[in-house]
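Hi everyone, and thanks for coming. Please have a look at the sequence and the model on the screen, and then I'll walk you through some of the details.

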Amino acid sequence: MFTASGKVVSVCDVASGTNTNTHKGWAKQVFILETFNREDHGVVGVTDPYRHKIVIEVWGEDKIKEYSKFYSMDGELFDLPPVTVDFEINGRSVDGKWYSSNSLVSMRYYGQQENLKDITQRLVNQFSVKK
């Protein structure tokens, strides 16, 4: 398992379908994590001078629902606090060509900065229409 911390900079739509062998449904959502670099303020222990973008896949409707709170609200990408993700790197061969993917194992807020209730309330206040 690998761990990376940074900001979610992009989220793709949920893709879904049915497995032709098992006839069971599947769902996948992809997001892009931009890692910290040593110039980022408040980040401890990062020595890499570059930011890297990592494509992370979230498999299964339950996991998508559970973890989407970390990177979107009602499908919209907001400027949420940084996150730390644990993921597995998988490789497979299809017709002699090799492919790799990064599957999410777990996700949490970087440094436990705020709890979800506080973030949700801040976003509701920030984007509410004032009369």
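**A walk through the model**

By exposed I mean over 50% relative accessible area, while buried is under 20% and partly exposed lies in between, using a 1.4 Å probe and protein chains only. His 23 sits in the loop between strand E2 (15-18) and E3. Although His 23 is not a glycine, its phi is positive, about 60 degrees. For background, most residues other than glycine have a negative phi. Asp 95 is another residue with a positive phi, about 55 degrees, and it is not a glycine. You'll find Asp 95 in the loop between E5 and E6, and with a relative accessible area of 78% it is exposed.

A word on where this comes from. This is a predicted model, in which local features need pLDDT of at least 70 and side-chain atom pairs count only at pLDDT 80 or more, whereas totals for chains, interfaces and linings use all residues. Residues are numbered from 1 along each chain as its sequence is written, and side-chain values use heavy atoms, with hydrogens and water left out.

Now the overall layout. The protein has 2 helices and 6 strands, in the order β-β-β-β-α-β-β-α from the N terminus. These are DSSP runs, numbered from the N terminus: helices are H or I with at least four residues, strands are E with at least two. Of the 131 residues in the protein, 33% are buried.

How do the strands pair? Here, pairing takes at least two bridges found by DSSP between two strands. Strand E1 (residues 2-11) runs antiparallel to strand E5 (residues 83-94), with 5 bridges joining them. In that pairing, Ala 4 stands opposite Val 85. E1 is also joined by 5 bridges to strand E3 (residues 25-35), again antiparallel, and there Lys 7 has Glu 34 as its bridge partner.

Next, what lies inside? The largest nonpolar core holds 18 residues, and Phe 31, Val 83, Val 85 and Met 107 touch the most other members. At least two residues come from each of E1, E3, strand E4 (53-59), helix H1 (61-67), E5 and strand E6 (97-109). A nonpolar core here is a set of buried Ala, Val, Leu, Ile, Met, Phe, Trp, Tyr and Cys residues joined through side-chain atoms within 4.5 Å.

Let's zoom in on Phe 31. Leaving aside neighbours within four places in sequence, its contacts include Val 8, Ile 54, Tyr 71, Val 85 and Met 107; contact means heavy atoms within 4.5 Å. Also in E3 is Thr 35, which is buried at 10% relative accessibility. Beyond residues up to four places away in sequence, Thr 35 touches Ala 4, Tyr 50 and His 52, among others.

Last stop: the aromatic rings. The whole structure contains 3 aromatic pairs. One of them is Trp 26 with Trp 59, a tilted pair at 5.9 Å centre to centre and 50 degrees between the planes. Trp 26 in strand E3 and Trp 59 in strand E4 are 33 residues apart, so the pair links distant parts of the chain. Rings of Phe, Tyr and Trp (its six-membered ring) pair if their centres lie within 6.5 Å; planes under 30 degrees apart are stacked, over 60 edge-to-face, and the rest tilted. Both partners are partly exposed, Trp 26 at 33% and Trp 59 at 40%.
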